[in-house]
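Take a look at the sequence and structure first.

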Amino acid sequence: MTWQLFSLLVQASGMTILISTISILVGLGVAILLSAARLSHLRVLHGFTALFISFFRGVPLLVQLLLLFNLLPALGISLSGFATAIIGLSLCTAAYQAENLRGGFDAVPKGLIESADMAGFSPAQTFLRIRIPIALRLTFPALVNEAILILKASSLVSVVGVIELTRMAQNLSASTFMPVEIFASAGLIYLVINQVVSAIGRYAERRLPGMGQAAR
């Protein structure tokens with residue numbers, strides 16, 4: 001194992017971090033929309049949300065990525081492997097984050113909601129100013145854990161042609177005939193990235209306003 005080979009893995013890990021970060025943020029936005037739909041009184045929205053979450057939690061991510069990769073061109077939609085990977089990971093993590101947020105929304109004290117109604121807040125204002133901040137604080141540890149899971153699951157996007165850490169390790173292993181050294185190095189890089197994410201999450205729980213109290 002040489003520094004040149006290891007540096008190639010480090011460079012490829014940048015793509016892993018980029019895809020994971022975008023997917024987690026987009027997925028969180030979709031999860032919040034799903035939670036809003038779940039809180040509405042429309043049965044159609046409830047049914048769509050339940051179907052969405054059931055599908056993306058019940059079907060393996062690898063199958064989801066391959067389905068998107070083959071379905072979109074059949075519909076006349078031409079996207080790069082990078083865009084397909086972002087869509088696939090975002091939809092998958094949105095389903096899991098929506099389930100995490102559901103517990104947070106259910107735990108919002110009813111007294112706060114009633115106080116907001118008495119203060120003249122609209123349902124949208126109550127959702128944005130009270131429900132979302134409290135739910136995010138209550139479920140923050142679970143959201144950090146989901147971020148780590150997505151970082152590891154991003155290794156599957158190699159099936160749609162994205163050269164990220166795992167795909168680079170596969171290519172280097174095939175060309176150098178050193179699979180043990182290459183994949184051990186890739187595993188070490190994944191471990192370091194996930195440890196950094198965990199450390200950032202713990203720091204945020206202690207430092208962000210109200211986060212430490214919500215975590216306890």
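Which residues do ring pairs link into a cluster? They are Phe48, Phe52, Phe55 and Phe56. This is a predicted model, in which local features need pLDDT of at least 70, side-chain atom pairs count only at pLDDT 80 or more, and totals for chains, interfaces and linings use all residues. Residues are numbered from 1 along each chain as its sequence is written, and side-chain values use heavy atoms, leaving out hydrogens and water.

**Aromatic pairs**

- The whole structure holds 5 aromatic pairs, where rings of Phe, Tyr and Trp (its six-membered ring) pair if their centres lie within 6.5 Å.
- One of them joins Trp3 and Phe6, with ring centres 5.8 Å apart and planes at 35°, so this pair is tilted (stacked is under 30 degrees, edge-to-face over 60, and tilted the rest).
- Phe48 and Phe52 also make a tilted pair, at 6.2 Å centre to centre and 45° between the planes.

**Where these rings sit**

- Helix 1 (residues 3-39) carries both Trp3 and Phe6, 3 residues apart, about one turn of the helix; helices are DSSP runs of H or I, at least four residues, numbered from the N terminus.
- Phe48 and Phe52 lie 4 residues apart in helix 2 (residues 43-58), again about one turn.
- Trp3 is exposed at 65% relative accessibility, whereas Phe52 is buried at 12% (buried is under 20%, exposed over 50%, partly exposed in between, with a 1.4 Å probe and protein chains only).

**Tyr96**

- Tyr96 belongs to helix 4 (residues 81-106) and is partly exposed, with a relative accessible area of 30%.
- Not counting residues up to four places away in sequence, Tyr96 touches Phe56, Arg57 and Glu146 (contact means heavy atoms within 4.5 Å).

How values were computed
Helices (H or I, at least four residues) and strands (E, at least two) are DSSP runs, numbered from the N terminus.
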